[in-house]
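Work through the following exercises with the sequence and the coordinates open beside you. Each one gives a task and then a solution in steps.

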Amino acid sequence: MNRTSALRRWTLRGLLALLVLVIALAAAAWGLVRASRPQLDGEIALPGLTAPLSLGRDDRGTLVVEGRTRLDVARGLGFAHAQERFFEMDLVRRSAAGELSALFGEKALERDRTRRVHRLRARLTDRFEQLSGEDRLLLLAYAEGVNAGLHALPVRPWQYLLLRAKPSDWTPVDSLLVISEMYFMLQSGSIEMGFERALLREKAGDAVFAWLSPRGGRWDAALDGSAVSDATMPTPDQLDLRARPAVPGTPVSAPAAGATRAPVAAAPGPARVPTASGAVSEEPTVFGSNNWAVSGSRSTHGGAILANDMHLGLGVPSIWYRAQFQIGSGPGMLRAAGVTLPGLPALVVGSNGTVAWGFTNAYGKWFDWVDVPENAAIKTHQEPIEVKGGATQPLVVVEMDGAPVITTEGQRRYALHWVAHEGAAYNLELDRMLQVRHVSEALAVAQRAGMPHQNLVAADRDGQIGWTIAGRLWSQPGLASSFGRFTAPTAIRHDWLPTDRAPQVLSPAQGQLWTANNRQLGGDAGELLGDGGFDLGARAQQIRDRLSEKPKHDEDSIGAIHLDDEARFMKTWSARLLAAARTDAGTNPTHRAFVQLLENWHGRADADSAGYRLVRQARLRVLDTLWDAWTAPALGERQADPKRRIRWRNQFEYSAARAVDERPAHLLPPAFASWDALLLAQLDAAARDVAPDGNLGGATWGAANASHIQHVLSKAIPALSRWLDMPSVPQGGDTNLPHVAGPAFGQSERLVVSPGREDRGWLSLPGGQSGHPMSPYYGAGHQDWVEGKHTPLLAGTLVHRITAHRD
């Protein structure tokens, strides 16, 4: 009995000791994480300052940097970026350079291989030495600030504690790598599409290729009003499905588009909706944005108004960082407000009090896929990849005339010649936007800028507006010889175009501008840009028409377009599907239910809409089915291989919709007795997809489109999700309307501003300023973004301040 009691006492003591140890370890971990929080108040030393510098923050965490010179402000911004976002900056530079394995180990090795073939760290190290002295000084000052901010933390950033790693100092070349990561993010989809299109043309022939890959149609909304002729429908001699038997075992709805080999590592896209068969229907990803503007003649107060929302993957913290620069003092003081990108010293989008500017991705052709001949002269480079916890992995990069050989197809090799490989595609010219005083100056700065190609829309205090392509333009061979074609080795040389040849629109007669990743120009000007896979144009058309609906606008009416959920594009599909459902609604209770649901649909992509979700899914099913049927004669079994499959792209809408409307017998897949039968089959399948339990009315769009905005580490360690991720909420919006919204993709910022009236402007972000979960600014502003509230552009009353002195 005594032994038993003693054993119990010692067991209890042991358990208590273990509990104390666990608590002590948890307290120590909590203390270490807490110690890595950014500094918000006090005094610091910064190398190279010419005068004391102030770093203030308001209750949203907006950074206000007040300094004597531009370089001083760059140092202060670098300090704040490092304290709040160094881990995220580190991931960006590592991703671009193919160096993630050194931090995450073997799990990142395959991604590193896809990036390292571009040898961007080596290329950009050379480029840094070629930059102007002004650009080099700006990058050096920013890097000094970053490293000062990193070293000022009492404990290294908390993410490195979790990963048991140490951060490396920032270098000026790392900032150039941040620019290159944006090239990957914004242009890799076009590159993949270009490769697939060239293969498809070879396999299908010119006539069928033109039908499968049209260049425009009814949804076009070009700035110059130009139109592209409809693709010619293939004749029965060119494509006749009546001669092809149905494939045994093929489901009524053909398998949806799956993943395909990505020659250039791409970023994640919008929602993927699983079908009943386990396939995935999805709208092709368009990394882009919306922007629009009205001139002073079209505003209620006589000033030009600009709006911008950049569509990117959403994460925690959000990609952008709110900042306000105040450079100098007295009457000559410059104040600029907007968003910065941690890793770069520039204000990316915003207003300097006289000119405001914003961007959307421009889908021109900024690449060549080169068919490498067997006897091509090649050069090899050794690019060893460091792997955490493992041996360094060798990688041999093969290049032809500077273009890395990226992929193979059978016995053929293909090299990628990409503008992002060229040193001249990188500079800090965008920073000159701080100094411009007229839209014409802003367009000139954009045309010289070394950055991924964007549609720049600018507005100035005098009421003028303008558009151009930001980013260096190179010569194009012409659409007839480049669209959907591989490039011969002798044709991969491009000349840089002088900026006076860059297309632009200044002070348009109608007093409005709009871009949404759509085709902007036709004729000779369009030939200067090429076609890298423009978006459909439905978003752009709706924005254009919203602007035209009112003779005069103010900030509120301009900003309301950000959250416009009317589904004008999807209404056309609702009409097609409703007509089919009515054909047998009298005898088919299921189709009668479809009729009732679609007749009662209010025509919006609202979170509570079941009708929108059904129409959307049925449309995707129709496009999947027609794509598989029409590509099968040329591509055969390739389409059953997820790694090799060629997917339909946005412009395929034109051909699919035309076939459904005109109903050519030779293009009807043989599994269906009529075109109505095809539509009804897709409706039936879509209903099973969205409501397996049969409750169509309860299958709302918001349930499928609920936000899912995660921290990168919670993706790897789900247990961290409750502390790191933003709350999930049902949301409206979608791809082909102004309010672009997906679970982890959408409006990464919403800006409305009239230069000179910044106090009435607003800027909303989907996440907070800080990457530290114990910071008061970790999720600040997120709820306002969710609810569509207007967050002021300018900083409010400062609640924290750091004073910096020269080290």
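## Exercise 1: The whole chain

Task: describe how the contacts, the overall dimensions and the surface of the chain can be summarised.

Solution. Begin with the contacts, where contact means heavy atoms within 4.5 Å: of those in the chain with a separation of 6 or more, 74% are accounted for by residues 24 or more positions apart. Before going further, note that this is a predicted model, in which local features need pLDDT of at least 70 and side-chain atom pairs count only at pLDDT 80 or more, while totals for chains, interfaces and linings use all residues. Residues are numbered from 1 along each chain as its sequence is written, and side-chain values use heavy atoms, with hydrogens and water left out.

Next, take the secondary structure, in which helices (H or I, at least four residues) and strands (E, at least two) are DSSP runs numbered from the N terminus; the chain has 23 helices and 27 strands.

For the dimensions, the radius of gyration is taken over C-alpha atoms, and the globule rule is 2.2 Å times the number of residues to the power 0.38. A compact globule of 807 residues would have a radius of gyration near 28 Å, and the chain agrees with this because its own value is 28 Å. The C-alpha trace spans about 95 × 80 × 65 Å along its principal axes.

Finally, turn to burial and surface. Buried means under 20% relative accessible area, exposed over 50%, and partly exposed in between (1.4 Å probe, protein chains only); buried residues make up 61% of the 807 residues. The chain exposes about 30300 Å², of which carbon and sulfur atoms supply 54%, with accessible areas from the Shrake-Rupley method and a 1.4 Å probe.

## Exercise 2: A histidine in a strand

Task: find which side chains make polar contacts with the side chain of His381.

Solution. First place the residue: His381 belongs to strand β14, residues 379-382, and counts as buried because its relative accessible area is 15%. Then list its neighbours, not counting residues up to four places away in sequence, which gives Arg119, Leu395, Val396, Val397 and Glu399. The last step is to apply the polar criterion, a pair of N or O atoms within 3.5 Å, where within protein one must be able to donate a hydrogen and the other to accept it, and where residues adjacent in sequence count only if both atoms are side-chain atoms. The side chain of His381 meets this criterion with the side chain of Arg119 at 3.5 Å and with the side chain of Glu399 at 3.2 Å.

## Exercise 3: Backbone geometry in loops

Task: locate the residues Arg164 and Asp401, each with a positive phi although not a glycine, and determine how accessible they are.

Solution. Arg164 has a phi of about 55 degrees and sits in the loop between α7 (158-163) and α8 (172-204); it counts as exposed because its relative accessibility is 75%. Asp401 also has a phi of about 55 degrees, and its place is the loop between β15 (396-400) and β16 (403-409); at 43% relative accessibility, Asp401 is therefore partly exposed.

As a further backbone check, inspect the peptide bond from Val316 to Pro317, which is cis with omega near -10 degrees. Pro317 lies in the loop between β8 (315-316) and β9 (321-327).

## Exercise 4: Buried residues and their neighbours
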